[in-house]
Amino acid sequence: MSVPRLVIAAPSSGSGKTTVATGLMAAFAARGLAVSPHKAGPDYIDPGYHALATGRVGRNLDAYLCGPELIAPLFAHGAQGCDLAVVEGVMGLYDGAAGQGELASTAQVAKLLRAPVVLVVDASSQSRSVAALVHGFASWDTGVRIGGVILNKVASDRHEALLREALEESGVPVLGVLRRAAQVETPSRHLGLVPVAERGAAAVAAVAAMGAQVSAGCDLDALMALARSAGALPGGGWSPAEALSLSTHDHPSRSAERRGDDGNAARRRPVVAVAGGPAFTFSYAEHAELLDAAGAEVVTFDPLRDERLPDGTRGLVIGGGFPEVYAGELGANESLRKEIAELALGGAPVAAECAGLLYLCRELDGTPMCGVLDASARMSERLTLGYRDAVAVGDSVLAVAGTRMRGHEFHRTVLEPGAGSAPAWGIVAPARRVEGFVQQGVHASYLHTHWASKPGVARRFTERCRTS
């Protein structure tokens with residue numbers, strides 16, 4: 001597969017990667033190109049802005065969660081049929097999973113994709129030193145090709161001239177210069193940027209401003225030429241159907257799948273309701289694709305607005321988001337809370353991650369939630385953040401005991417108790433502990449996982465929905 005592609009990286013967080021990456025996506029989309037948006041790492045929020053800029057689903061490329069071997073196939077899956085792909089990096093270019101070398105770094109993703117890197121540099125407090133900075137990043141790893149630099153937060157024409165003069169000695173071309181612009185800034189809170197789904201027209205305006213700023217300040221033709229210099233990727237794209245067929249994780253027999261539980265030639269597609277809307281914005285696109293390929297009918301609902309679950313719901317997936325921001329509205333939707341509790345307590349499969357875990361609790365900061373789990377949650381000043389290695393403690397609707405998965409934890413809440421009598425996961429690294437809940441058909445945990453790494457999870461969940 002050969003799709004023109006760029007990786008947008010920076011020396012550190014806060015340099016302007018999201019502004020530049022989103023702006024490039026919007027600017028090239030405005031030229032009529034089909035742009036495929038990607039984000040290195042586990043972040044859910046940036047892909048929402050990418051999707052707004054391109055009109056396509058934003059996809060994550062996380063070598064820790066999925067393994068390095070899936071980065072190129074997942075990229076090819078998302079970029080199929082596109083004219084250009086833009087990958088926004090994570091943290092600093094060479095920063096990855098703690099203590100794991102280059103694993104999950106932007107640099108590793110760039111090498112796996114054989115893609116040139118554009119380095120976004122916050123030039124607000126330097127002039128000639130920028131050349132030493134760029135030279136150091138360009139020479140640190142010869143496997144990473146830095147094809148150009150975009151200077152951000154440049155103060156004046158004089159400042160720009162000094163920066164360009166210094167960079168002439170580095171041999172890395174300047175492909176763009178951006179001044180400070182308040183209209184492209186996006187508001188933040190306790191877990192990062194405010195998601196697109198919560199901002200409405202303001203997010204649309206911000207993305208449009210990013211596109212206009214990048215279009216005016218960057219050499220789009222040179223950037224496109226750099227993107228076209230990326231070589232072909234070996235192998236094909238990831239396929240949810242093929243991933244399921246290759247999975248041996250709780251794999252049902254082919255004859256049973258064809259025959260169906262009652263001997264019919266075809267089996268009904270069980271409805272799996274997936275929480276969405278402003279309170280539950282965190283999900284990986286591949287989860288719904290795997291559920292669909294496994295035979296589920298995936299239907300999205302909004303717990304803030306919908307008073308009932310979708311008709312015929314047999315299973316429920318509640319991902320991450322910000323229930324703490326919408327606790328009052330979630331609590332006020334009593335009819336939906338009661339229906340979810342009845343579904344869960346009746347044994348239906350329910351998969352809940354982070355925000356979904358909180359929503360299933362008895363209460364969140366004193367506001368009543370669904371009451372499925374005998375636990376209470378509250379906001380905390382402490383940020384819990386990082387990759388986790390986990391193993392399934394017992395059998396559940398997602399996995400058999402002993403199944404190993406990697407996940408990511410990111411929250412400012414505390415759950416009491418933190419685990420039920422049957423925990424969801426045993427965390428084996430970085431520190432040993434148990435967490436989460438497995439009860440009847442419920443699997444609830446703080447851990448965000450990427451099902452592409454274990455496609456059998458979707459198959460097992462769908463089968464439980466079909467037979468429960």
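Reader: How many helices and strands does the protein chain have?
Author: In this predicted model, the protein chain has 17 helices and 22 strands. Its radius of gyration is 23 Å, close to the 23 Å that the globule rule gives for 468 residues, so the chain is as compact as a globular protein of that length.

Reader: And what does the C-alpha trace span along its principal axes?
Author: The C-alpha trace spans about 70 × 50 × 45 Å along those axes. Buried residues make up 58% of the 468 residues, and the accessible surface of the chain comes to about 18,100 Å², with 50% of that belonging to carbon and sulfur atoms.

Reader: Of the contacts between residues at least 6 apart, what percentage join residues at least 24 apart?
Author: Among those contacts in the protein chain, 75% join residues that are at least 24 apart in sequence.

Reader: Switching to charge, how many positive and negative side chains are there?
Author: There are 43 positive and 48 negative side chains in the protein chain, and the centres of the two sets lie 4 Å apart.

Reader: Now some single residues. Is Gln213 buried or exposed?
Author: Gln213 has 15% relative accessibility and therefore counts as buried, the cut-off being under 20%. Gln213 lies in helix α9, which covers residues 201-217, and a polar atom of the Gln213 side chain lies 2.7 Å from the backbone oxygen of Arg179.

Reader: On the backbone, which peptide bond involving Pro417 is cis?
Author: The bond joining Glu416 and Pro417 is cis, with omega at about -5°, and Pro417 is found in the loop between β17 (404-416) and β18 (425-429). The peptide bond from Ala429 to Pro430 is also cis, with omega near 10°, and Pro430 is found in the loop between β18 and β19 (433-435).

Reader: What is phi for Met91, then, and where does Met91 lie?
Author: Met91 has a positive phi of about 50° although it is not a glycine, and Met91 lies in the loop between β4 (84-88) and α5 (106-112). At 35% relative accessibility, Met91 counts as partly exposed.

Reader: And what about phi of Arg114?
Author: Phi of Arg114 is near 50°, again a positive value in a residue other than glycine, and Arg114 lies in the loop between α5 and β5 (117-122).

Note on methods: Residues numbered from 1 in each chain as written. Predicted model: local features only at pLDDT ≥ 70, side-chain atom pairs only at ≥ 80, totals over all residues. Heavy atoms only, no water. Helix = DSSP H or I, 4+ residues; strand = E, 2+ residues; numbered from the N terminus. Rg over C-alpha atoms; globule rule 2.2 N^0.38 Å. Buried < 20%, exposed > 50% of the residue type's maximum accessible area, 1.4 Å probe, protein only. Contact = heavy atoms within 4.5 Å. Areas by Shrake-Rupley, 256 points an atom, 1.4 Å probe, with all protein chains shown as cover. Lys, Arg positive; Asp, Glu negative; His and termini not counted. Charge placed at Lys NZ, Arg CZ, Asp CG, Glu CD. Polar contact = N/O pair within 3.5 Å; in protein donor to acceptor, adjacent residues only side chain to side chain.
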